[in-house]
Amino acid sequence: MVRKIFIQWDSTNDCNLRCSHCYHNREGEEHSSHKQGLNAMSLEDVILMINDLNETAKRWSMKPRFQISGGEPLMRKDLYSILEYTKNLKMEVRILTNGTLITEEKARDFYELGIRRLQISLDGNKKRHNLIRGQPFAYDLAIQGIKNCAINNIEVTVSMTALKSNIQDFEDVIINSIKAGAKYVGTKSYVPNPLLGVNDPEFLDCEDLYLLYKKTRDLEQKYSKKINVLQTEVLWHLMQWDTKIKKEAREKDLFLSGCGAGFSGLSVLSDGTVYPCRRLPLPIGNIKEGFANLMLNNPILKDLRDFEKMRAKMDNCQHIPYCRGCRAIAYATTGDYMAKDPMCYKELVTPKDIQPRVIRR
Amino acid sequence: MNNLASLVESIDGLFIKRSHPDRVVLSYQEKKLLEQYISTEINCYDCDSCNSCGSGDCNSCCEVVDD
């Protein structure tokens with residue numbers, strides 16, 4: 001088993017959609033090139049960044065992964081040149097897209113350029129998705145994008161941002177993901193607007209999340225033969241069996257898994273500004289300062305690796321080596337990235353809820 | 001040898017063994033980071049579609065198969 005380290009890169013701020021929950025439209029994003037009016041990274045700078053990731057991964061005996069996000073990554077004009085480069089390096093690449101621009105030809109090109117898995121967002125039934133995404137064509141084109149990938153042997157993960165207004169649509173999303181040929185489907189938690197915090201009307205509290213996860217389990221059982229319904233967000237640990245490896249991580253107080261901020265990779269904006277995670281808008285430098293240098297020396301990342309300090313803010317939680325909640329949601333709701341995740345539902349868990357982790361491939 | 005020193009040495013050895021037949025010297029800070037990663041062999045849950053980071057794809061955390 002080889003660990004992975006990643007860069008998630010906002011390839012561009014351009015997008016053909018205007019989604020209501022997008023980070024790009026928020027306060028606190030003034031470091032993005034979109035707000036500063038700076039140029040996006042040049043192709044040369046992107047190549048240097050990819051080389052840096054590749055070399056650091058080799059040095060640490062890890063596997064590099066390059067995740068290309070946006071804006072909408074398909075609007076980056078030199079995307080194919082970048083993918084040719086990563087293909088030559090045999091680097092694992094994921095594209096995170098709204099799916100609307102993936103024609104059959106593009107899906108074929110992506111496969112040729114080494115893309116084997118890709119993520120497309122669906123945020124509810126057709127009506128709600130189009131409302132959230134701000135365009136009446138968004139849903140149909142996203143579904144077509146999933147189909148185009150599937151027939152070109154690219155596995156698609158459908159991701160739904162779980163909001164107060166759309167959680168009832170999750171089964172609809174699963175059914176339509178199956179019809180379109182997706183292989184995985186899951187929800188991800190919504191980071192509330194920091195100006196509103198827990199009062200953001202779309203924010204799910206701990207009880208909402210607990211109920212959503214229980215419902216997800218039922219849906220996983222119902223559709224398990226047709227699609228992988230993911231149970232992988234960090235707070236799922238609270239409802240899953242303890243294991244030898246978790247016990248060992250607790251005993252030695254070492255990082256096993258959970259929130260990757262500070263451990264697993266860096267998020268790079270289109271102008272090279274680095275965040276610990278795309279959802280945690282704390283600029284910690286520029287990628288030109290070097291992946292390893294930032295990972296090793298940045299004080300915020302060191303904080304995020306300081307379990308002792310974290311435990312002091314999280315009522316001595318025992319799950320820190322493999323959970324830690326979402327640091328971005330903690331920050332958005334309290335202003336403190338070391339605080340307890342308000343979505344943590346561990347007080348609600350009953351012994352009946354503790355079940356094995358479901359892993360299907 | 002105390003536990004920490006032993007752990008650092010074993011991790012260093014493990015990383016060199018895996019892909020660097022000719023010795024790679026890791027800095028002290030690199031060792032400090034890598035020693036935080038649990039050093040036992042673990043079965044990787046294929047978290048390619050994990051969404052833990054919420055910003056899209058996997059946060060590359062390694063997961064465990066239930067034992």
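Figure 1. Chain B holds two helices and zero strands. Of its 67 residues, 55% count as buried.

**Figure 2. Confidence along chain B.** The mean pLDDT of chain B is 51, and 19% of the residues in this chain reach 70 or more. Over residues 11-22 of chain B the pLDDT is below 50, and the model gives this stretch 25 contacts beyond near neighbours in sequence. Residues 1-5 of chain B also stay under 50 in pLDDT. For residues 1-5 of chain B the model has three contacts beyond four places in sequence. Where pLDDT is low, predicted coordinates should not be read in detail. For the model as a whole, the scores are ipTM 0.71 and pTM 0.88.

**Figure 3. Packing of helices α2 and α3 of chain A.** Helix α2 of chain A covers residues 43-59, and helix α3 of chain A covers residues 79-88. The two helices pack at an angle of about 25°, and their axes lie 11 Å apart. Because angles under 35 degrees count as roughly parallel, α2(A) is described as roughly parallel to α3(A). The crossing of α2(A) and α3(A) is right-handed. On the α2(A) side, the residues that meet α3(A) are A:L43, A:V46, A:I47, A:I50 and A:N51. Their partners in α3(A) are A:S81, A:I82, A:Y85 and A:T86.

**Figure 4. The largest nonpolar core.** This core has 103 residues. Those with the most contacts inside the core are A:W9, A:W60, A:F66 and A:L235. Helix α8 of chain A, residues 206-223, supplies the largest share of the core, with six residues.

**Figure 5. Surroundings of A:N16.** A:N16 is placed in the loop between β1 (4-10) and α1 (33-36) of chain A. Leaving aside neighbours within four places in sequence, A:N16 is in contact with A:E72, A:M75, A:N98, A:T100, A:L101, A:Q135 and A:F137. A:D242 lies 226 residues from A:N16 in sequence. In space, A:N16 and A:D242 are 44 Å apart, C-alpha to C-alpha.

Definitions and conventions: Residues numbered from 1 in each chain as written. Chains lettered and ligands numbered in written order. Predicted model: local features only at pLDDT ≥ 70, side-chain atom pairs only at ≥ 80, totals over all residues. Heavy atoms only, no water. Core = buried A, V, L, I, M, F, W, Y, C linked by side-chain atoms within 4.5 Å. Buried < 20%, exposed > 50% of the residue type's maximum accessible area, 1.4 Å probe, protein only. Helix = DSSP H or I, 4+ residues; strand = E, 2+ residues; numbered from the N terminus. pLDDT = per-residue confidence, 0-100. Contact = heavy atoms within 4.5 Å. Axes fitted to C-alpha atoms, helices over the stretch in contact; angles between N-to-C directions. Parallel < 35°, antiparallel > 145°, perpendicular 65-115°, else oblique. Left-handed = near helix turned anticlockwise from the far one by under 90°.
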